[in-house]
Amino acid sequence: MEKYSFEETNILKLSRKLAMETENLQVFYGANHAMFDASLQFPKNRITALIGASGSGKSTYLRCLNRMNDRISTVKGKIIYQDTDINQKSINVYEVRKHISMVFQRPNPFAKSIRENITFALKEHGIKDKEILAERVESSLRSAALWDEVKDDLDKSALALSGGQAQRLCIARSVAMQPDVLLLDEPASALDPISTAKIEETLQNLREKYTIIIVTHNMQQASRIADYTAFFHMGHVLEYDKTNNIFTNPKIKATEDYISGNFG
Ligand SMILES: Nc1ncnc2c1ncn2[C@@H]1O[C@H](COP(=O)(O)OP(=O)(O)O)[C@@H](O)[C@H]1O
Ligand SMILES: [Mg+2]
């Protein structure tokens with residue numbers, strides 16, 4: 001592999017407030033060194049896209065950010081959130097996930113009503129007041145641009161929703177817990193173009209309140225919605241910059257090859 005100067009390309013000196021960052025994050029699946037030294041900073045209220053070929057480590061990196069890779073890998077390095085390294089054994093991972101929430105590739109609504117999909121976790125966390133629950137159902141469904149479509153069917157099964165609606169419900173479910181950071185792993189890859197456009201619109205709206213980190217293999221999607229883009233290649237973050245720079249003026253040949261489709 002070519003030698004790259006990671007320090008130069010990897011760390012953006014951002015003046016904007018950061019929601020979170022990683023320092024020298026390394027991940028091992030047994031003997032497989034899957035992530036080498038990822039240092040990335042995520043500005044508040046911005047969308048950052050993680051792009052790169054299949055197997056480059058995007059999902060691995062994303063899952064580390066809310067400690068979801070703990071059980072399947074060894075994760076070294078720092079994950080800094082609110083001035084704390086949350087990659088420490090003493091940190092309560094359930095607390096972390098209230099602040100940093102994950103939406104998966106395949107929509108996975110619970111086999112419950114639409115309403116209960118939203119209220120389930122809230123009730124688990126001790127919110128019992130009916131008015132507060134009703135308000136949270138409406139506001140989170142509105143945030144996910146789903147309210148108008150489902151407001152008369154709140155007690156119907158979530159399993160009857162279309163794929164795109166189900167994914168927006170999953171986004172609403174995350175938002176209902178009022179997290180800070182939303183992590184999304186290819187949230188639209190199983191959806192048709194119209195549903196994908198709705199998800200993208202939803203993310204644009206959510207950006208006002210949340211910090212969004214999204215893995216996508218769809219480069220048009222990254223260029224449409226992301227403020228910043230990080231290019232992953234074989235377990236390294238090779239380049240991280242404003243999205244426009246990544247797509248119009250990449251500094252590294254591997255990035256250029258990937259975005260222009262000349263990639264093995
Ligand atoms: N659960 C797992 N167990 C073992 N190895 C894994 C696991 N998940 C990912 N890997 C390995 O980590 C590397 C990066 O994979 P992944 O993070 O899924 O990449 P991407 O999301 O960019 O396609 C690959 O070598 C993959 O085989
Ligand atoms: Mg992946």
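This is a predicted model: local features need pLDDT of at least 70, side-chain atom pairs count only at pLDDT 80 or more; totals for chains, interfaces and linings use all residues.
Local features need pLDDT of at least 70, side-chain atom pairs count only at pLDDT 80 or more, and totals for chains, interfaces and linings use all residues. Residues are numbered from 1 along each chain as its sequence is written, chains are lettered from A and ligands numbered from 1 in the order written, and side-chain values use heavy atoms, with hydrogens and water left out.

**View 1. The whole chain.** Eleven helices and ten strands make up the chain; helices (H or I, at least four residues) and strands (E, at least two) are DSSP runs numbered from the N terminus. The radius of gyration is 19 Å, close to the 18 Å that the globule rule gives for 264 residues, so the chain is as compact as a globular protein of that length. That radius is taken over C-alpha atoms, and the rule is 2.2 Å times the number of residues to the power 0.38.

**View 2. The shell around ligand 1.** Which residues come nearest to ligand 1? Of the 13 around it, they are Gly55, Gly57, Lys58, Ser59 and Thr60 (a residue is near if one of its heavy atoms lies within 4 Å). Helix H2 (58-65) and strand E2 (32-43) each give two or more residues to this shell, and H2 has the largest share, with four.

**View 3. Polar atoms beside ligand 1.** A polar side-chain atom of Thr60 lies 2.5 Å from an oxygen atom of ligand 1, and one of Asn32 lies 3.4 Å from an oxygen atom of the ligand. The protein covers 62% of the 550 Å² of accessible area that ligand 1 has on its own (Shrake-Rupley method, 1.4 Å probe).

**View 4. The largest pocket.** Here about 510 Å³ of space is found. On a 1 Å grid over the protein atoms alone, a pocket is an open set of points where a 1.4 Å probe fits, with protein on both sides within 12 Å along at least five of seven lines; lining residues have an atom within 4 Å of a point. The volume is the space filled by probe spheres set on the points. Among the 21 lining residues, Arg97, Ser101, Ala121, Ser174 and Met177 lie nearest the centre.

**View 5. The second largest pocket.** This pocket has a volume of about 180 Å³. Its lining includes Arg67, Asp70, Asn87 and Lys89.

Definitions and conventions: A polar contact is a pair of N or O atoms within 3.5 Å; within protein, one must be able to donate a hydrogen and the other to accept it, and residues adjacent in sequence count only if both atoms are side-chain atoms.
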